[in-house]
Amino acid sequence: MEFEDFVRARGAALLRYGYVLTGNADDAADVVQEALLKLSDSWHRVRNKDSPESYVRTVMARQHISWWRRRRREHLTDDVPEGSYTDSHSFGELWKELATLPRRQRAVIVLRYFEDLSDQEIAEILGISRGTVRSQAFHALNALRVKPEVFERGRA
């Protein structure tokens, strides 16, 4: 498969993955673009691998981690974006709740449940220990868990 064919065939899926990873359509597009730019020079080696898409997703996850390690802080702006990204598989409240998580926790949850990776694979991708992966997943799931008092208020 040629590079252009791969981008045409899997570009939309990569953009969705970037959106889940970053929580922002603009950042998702940037992550995809950077990953594909890096990949374009070495496509002749990557296309012969078992799963070139997995390779691209790993590059995207590492790129995302590099960005938030450098930034560490949110950059707020008064400018409203021109448009918004809407996923055809909108899960509504789940996406809103995922957006409230810190970036590392969100990355761990996405890699664990969206990509179905093991703790060891996640640790290798993010450059952290398996214990940190488990800790981040625990804290993320605890933050996402429905509290009994909220559930009772909703039933009343």
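Author: Helices are DSSP runs of H or I with at least four residues, strands are runs of E with at least two, and both are numbered from the N terminus. The structure above is a predicted model, in which local features need pLDDT of at least 70 and side-chain atom pairs count only at pLDDT 80 or more, while totals for chains, interfaces and linings use all residues. Residues are numbered from 1 along each chain as its sequence is written, and side-chain values use heavy atoms, with hydrogens and water left out.

Reader: How many helices and how many strands are there in the protein chain?

Author: The protein chain has nine helices and zero strands, and read from the N terminus on, its elements run α-α-α-α-α-α-α-α-α. Among the contacts (heavy atoms within 4.5 Å) with a separation of 6 or more, 67% are made by residues 24 or more positions apart.

Reader: How is the packing of two helices read, and at what angle do H1 and H6 pack?

Author: Two packed helices are described by the angle between their axes and by the distance between those axes. The axes are lines fitted to C-alpha atoms, for helices over the stretch in contact, and the angles run from 0 to 180 degrees between N-to-C directions. Helix H1 (residues 3-22) and helix H6 (residues 103-114) pack at an angle of about 135°, and their axes are 8 Å apart. Angles under 35 degrees count as roughly parallel, over 145 as roughly antiparallel, 65 to 115 as roughly perpendicular and the rest as oblique, and H1 and H6 are therefore oblique to each other. On the H1 side the contact is made by Tyr17, Val20, Leu21 and Thr22, and on the H6 side by Arg106, Ala107, Val110, Leu111 and Phe114. By class these residues divide into seven nonpolar, one polar and one charged, where Ala, Val, Leu, Ile, Met, Phe, Trp, Tyr, Cys and Pro count as nonpolar, Asp, Glu, Lys and Arg as charged, and the others, Gly among them, as polar.

Reader: Which residues of H7 and H8 meet, and at what angle do these helices pack?

Author: H7 and H8 pack at an angle of about 100°, with 8 Å between their axes, and they are therefore roughly perpendicular to each other. Asp119, Gln120, Ile122 and Ala123 of H7 meet Arg130, Val133 and Arg134 of H8, a contact with three nonpolar, one polar and three charged residues.

Reader: Which residues are buried in H2?

Author: An α-helix has 3.6 residues a turn, so residues three or four places apart point the same way. Buried means under 20% relative accessible area, exposed over 50% and partly exposed in between, with a 1.4 Å probe and protein chains only. Helix H2 (residues 25-41) has 17 residues and reaches 25 Å from its first C-alpha to its last, close to the 24 Å expected at 1.5 Å a residue, the expected span being 1.5 Å times one less than the number of residues. In H2 the buried residues are Asp27, Ala28, Val31, Val32, Ala35, Leu36 and Leu39. Seen down the axis of H2, they fall within an arc of 165°, so they line one face of the helix; the arc is that of the directions from the helix axis to the C-beta atoms. The face of H2 turned away from this buried side carries the exposed residues Asp26, Gln33, Leu37 and Asp41.

Reader: Which residues of H7 are buried?

Author: They are Asp119, Ile122, Ala123, Ile125 and Leu126. Viewed down the axis of H7, these buried residues fall within an arc of 165°, so they line one face of the helix.

Reader: Is tryptophan 68 buried or exposed, and what is glutamine 136 touching?

Author: Tryptophan 68, which lies in helix H4 (residues 52-71), is buried with a relative accessible area of 9%. Leaving aside neighbours within four places in sequence, tryptophan 68 is in contact with Arg103 and Arg104. Glutamine 136 lies in helix H8 (residues 130-144) and counts as buried at 15% relative accessibility. Not counting residues up to four places away in sequence, glutamine 136 touches Arg104, Gln105 and Val108.

Reader: Where are aspartate 116 and glycine 127?

Author: Aspartate 116 is found in the loop between H6 and H7, has a positive phi near 60° although it is not a glycine, and counts as exposed at 67% relative accessibility. Glycine 127 is in the loop between helix H7 (119-126) and H8, and its phi is also positive, near 70°. Glycine 127 is exposed, with a relative accessible area of 57%, and its C-alpha atom is separated by 8.4 Å from that of arginine 62, 65 residues apart along the chain.
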